[in-house]
Amino acid sequence: MPELRYIDAINQAHHEEMLRDERVLVMGEDVGRKGGVFGATMGLLEKFGEDRVIDTPLAESSIAGVAVGMACNGLLPIAEFQFADFIHPAFDQIVSEAARMRYRSNNAFSCPVVFRAPYGASHGTALYHSQSIEAFYAHVPGLKVVAPATPYDAKGMLKAAIRDPDPVLFLEHKRMYRVVKGEVPDGDYTVPIGPSAVRRQGKDLSVFAYGWMLHESLAAADAAAAEGIEAEVVDIRTLAPLDRGTILTSVAKTNRALIVYEDNSFMGYGAEIAALIAEHAFSDLDAPVMRVAAPDVPGVPFAKPLEEWFVVTKDKIAAAMRKLAAY
Amino acid sequence: MPVEVKLPQLGESTYEGTIGKWLKHPGDRVERFEPLVEIITDKVNVEMPSPHEGVLTKVLIPEGQTVAVGTPIAVMETADAPAEARPAAPPAPVSVGGSAPRAPVTAEGARLSPVVRNLAAERGVSVEEVAQIPGTGAGGRVTKEDLLAYLQRRGTTERAAPTSLHAGDQLLKLSPLRRSVAQRMAQSKREIPHAYGVIEVDLSTLVREREAHKDAWRAREGVNITYTAFFLRAAVDAVKAFPIVNSSWTEEGILLRKAVNLGIGIALEDGLIVAVIKAADQENLTGLAKQVEMLSGKAREGKLALEDVQGGTLTLTNPGVFGSIWSMPIIVPGQAAIIATDAIVKRPVVRDGAVVIREIMHLGLAFDHRIFDGAIADQFLHRMRQKLESFTGGERAVRDF
């Protein structure tokens with residue numbers, strides 16, 4: 001199996017799906033001639049032409065709105081937001097229109113659109129290019145939200161998202177694009193939206209993470225293992241709908257839960273996992289549920305020392321693992 | 001606003017208390033720290049000061065009823081809830097699950113996590129028993145692993161034979177004191193590897209002189225100079241020579257105690273209580289005798305205060321008063337040894353090649369063999385013997401002992 005970078009797996013999924021089904025089309029800022037700001041849509045314009053690879057104005061609300069209209073009328077659009085930070089103008093279209101279309105029309109319309117958005121802090125990308133936005137959208141019934149962490153999952157889940165009859169917000173942590181590599185089969189396959197994956201078996205505590213945080217958590221688990229702490233690491237690759245069973249099974253096994261997310265702590269996505277465990281795994285707990293998340297400040301700072309203070313790293317996660325294991 | 005008054009934790013290992021007497025009644029105005037209610041625990045009777053200022057509106061627990069620590073016992077109406085009067089946040093998940101609310105925040109070791117509680121219930125281990133397990137978690141908390149290891153250690157033997165009932169059998173309910181004694185003794189035997197040493201002490205001179213002068217001593221010193229006082233004095237002397245006997249075992253190391261706080265076992269109707277003479281090394285014989293008299297009196301009247309039973313570093317028990325001639329006492333948890341003084345009995349012994357009759361007492365030491373060995377124990381006992389046998393007598397000797 002060839003080893004691909006995360007970005008290449010995304011690109012490959014686009015090519016294969018557009019070839020497989022002519023209803024699939026791509027739209028967004030610089031997705032055509034430039035091939036996407038990160039290169040996710042490279043080569044599509046040349047292969048599939050301007051009708052299916054549409055460079056749009058810098059107007060996120062209309063990117064989403066047009067995509068919703070297309071989806072309601074039989075097309076399978078993939079709408080790319082250059083950065084998740086810029087998705088906010090499209091909030092209304094995504095939340096009030098796309099997510100509720102099937103419900104509001106009493107099943108007369110579905111809205112099979114994929115919204116792709118690179119999210120998260122990278123190096124020095126600061127307030128406007130570092131945001132984590134998953135909590136806003138995972139809150140909305142009717143919308144699926146995924147955040148695959150491996151190239152294999154990126155390709156398989158993007159295909160699954162494109163084929164899904166309902167809207168999917170597809171989050172790609174931008175730090176993974178060129179750093180995370182992994183084996184990706186050439187041919188067609190999908191990774192179902194829903195199930196989480198246990199990436200590392202352990203008996204002492206369970207870590208729940210997604211996106212780039214999965215990789216930081218795995219690295220932290222390696223460090224902790226050297227000290228005799230065996231952490232189980234679960235990849236919450238689908239944020240909504242959440243695979244509760246895998247989480248509860250893991251907590252029943254280890255009796256201790258650590259939730260890691262890059263967003264600021266207050267009301268972040270991990271709070272929902274904490275609530276789930278508190279409600280359904282109370283009698284399994286041997287320690288309080290703990291979280292590692294960013295501080296509650298308005299954005300990722302630009303200054304390097306402040307960025308380091310803000311972002312969740314493997315060292316911070318390992319420190320929390322030690323604390324939880326010692327509780 | 002109304003605030004609940006809860007039964008506080010009144011001692012290191014008290015888990016429940018009995019309402020003795022309500023000193024205030026519904027409608028009474030109560031100042032903060034004013035005595036509100038008399039609480040009887042397994043160790044002491046105390047007047048509980050009111051945690052709030054306000055009016056007592058409701059008594060929730062009537063006199064004579066025993067409730068667990070943390071149970072609301074009354075409701076007070078306060079002007080507003082000052083910060084410290086706000087009902088404490090429930091100690092994590094603990095008080096939510098079980099039926100018996102447990103010691104709040106202060107007793108870290110007694111806080112059990114849901115999974116530990118669950119497992120204990122499944123395996124038939126009482127919460128009290130779990131609380132006795134030395135925990136490896138934060139602040140000594142008992143973790144699931146600790147409980148599993150404990151269950152493994154305990155094995156199946158202890159629970160093998162269920163108690164069978166015979167016609168006419170009667171179940172005596174455990175008094176709080178009985179339960180506390182049971183727990184602490186079982187804990188000590190479970191955790192401390194006990195070893196013993198016993199020597200003979202010739203108390204002929206001491207007995208003779210005491211019989212001759214005790215009334216004069218009492219008249220002059222204002223207290224009955226008992227044998228126990230002499231034994232305590234000898235113990236202090238021996239501790240100075242062998243300070244390791246006055247210590248505690250911890251996983252980090254042996255904790256040498258600076259203070260010499262001597263506990264004395266006092267027999268009560270339904271159990272034994274150990275009262276503590278603080279800084280016993282600072283007292284002379286008369287001082288020790290006075291302390292013994294004061295503490296015994298308080299114990300029999302049920303008036304021991306919390307500080308009277310806490311902080312012991314070495315204990316002396318005197319089963320001799322009941323005629324025992326050879327005792328093997330159990331060490332008070334947290335201490336290194338316990339001294340036993342048995343009955344003083346006239347015995348034929350050999351002195352200078354001739355059989356003579358002397359007043360002989362067995363002096364014994366049960367000690368934690370993790371902390372020191374038999375050689376130390378025996379030297380300690382010999383030192384006590386030397387001291388006791390060195391008593392020369394005479395009317396004034398009591399001042400110099």
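Which helices and strands of chain A are included in what covers the buried residues of H10(A)? The cover includes helices H6 (134-138) and H9 (244-254), together with strands E10 (205-209), E12 (238-240), E13 (257-264) and E14 (290-294) of chain A.

This is a predicted model, in which local features need pLDDT of at least 70, side-chain atom pairs count only at pLDDT 80 or more, and totals for chains, interfaces and linings use all residues. Residues are numbered from 1 along each chain as its sequence is written, while chains are lettered from A and ligands numbered from 1 in the order in which they are written.

Chain A holds 12 helices and 14 strands; helices (H or I, at least four residues) and strands (E, at least two) are DSSP runs, numbered from the N terminus. Of its 327 residues, 53% count as buried. A residue is buried if 20 or more other C-beta atoms lie within 10 Å of its own, exposed if 12 or fewer, and partly exposed in between, with C-beta atoms placed from the backbone.

Helix H10 covers residues 269-280 of chain A, and its end C-alpha atoms are 17 Å apart, which agrees with the 16 Å that its 12 residues should span at 1.5 Å a residue. The expected span is 1.5 Å times one less than the number of residues.

| State in H10(A) | Residues |
|---|---|
| Buried | A:Tyr269, A:Gly270, A:Ile273, A:Ile277 |
| Exposed, on the other side | A:Ala275, A:Glu279 |

The buried residues of H10(A) fall within an arc of 100° seen down the axis, so they line one face of the helix. The arc is that of the directions from the helix axis to the C-beta atoms.

A:Ala13 lies in helix H1 (residues 6-20) of chain A. A:Ala13 is buried, with 25 other C-beta atoms within 10 Å. Not counting residues up to four places away in sequence, A:Ala13 touches A:Lys155, A:Leu158 and A:Lys159; a contact means C-beta atoms, placed from the backbone, within 7 Å. A:Ala13 and A:Lys155 are 142 residues apart in sequence, yet 5.2 Å apart in space, C-alpha to C-alpha.

The largest nonpolar core has 122 residues, and A:Val260 and A:Met321 have the most contacts inside it. Such a core is a set of buried Ala, Val, Leu, Ile, Met, Phe, Trp, Tyr and Cys residues joined through C-beta atoms within 7 Å. Not counting residues up to four places away in sequence, A:Met321 touches A:Leu205, A:Ala220, A:Ala224, A:Ile229, A:Ala231 and A:Leu258.

Technical notes. Contact = placed C-beta atoms within 7 Å.
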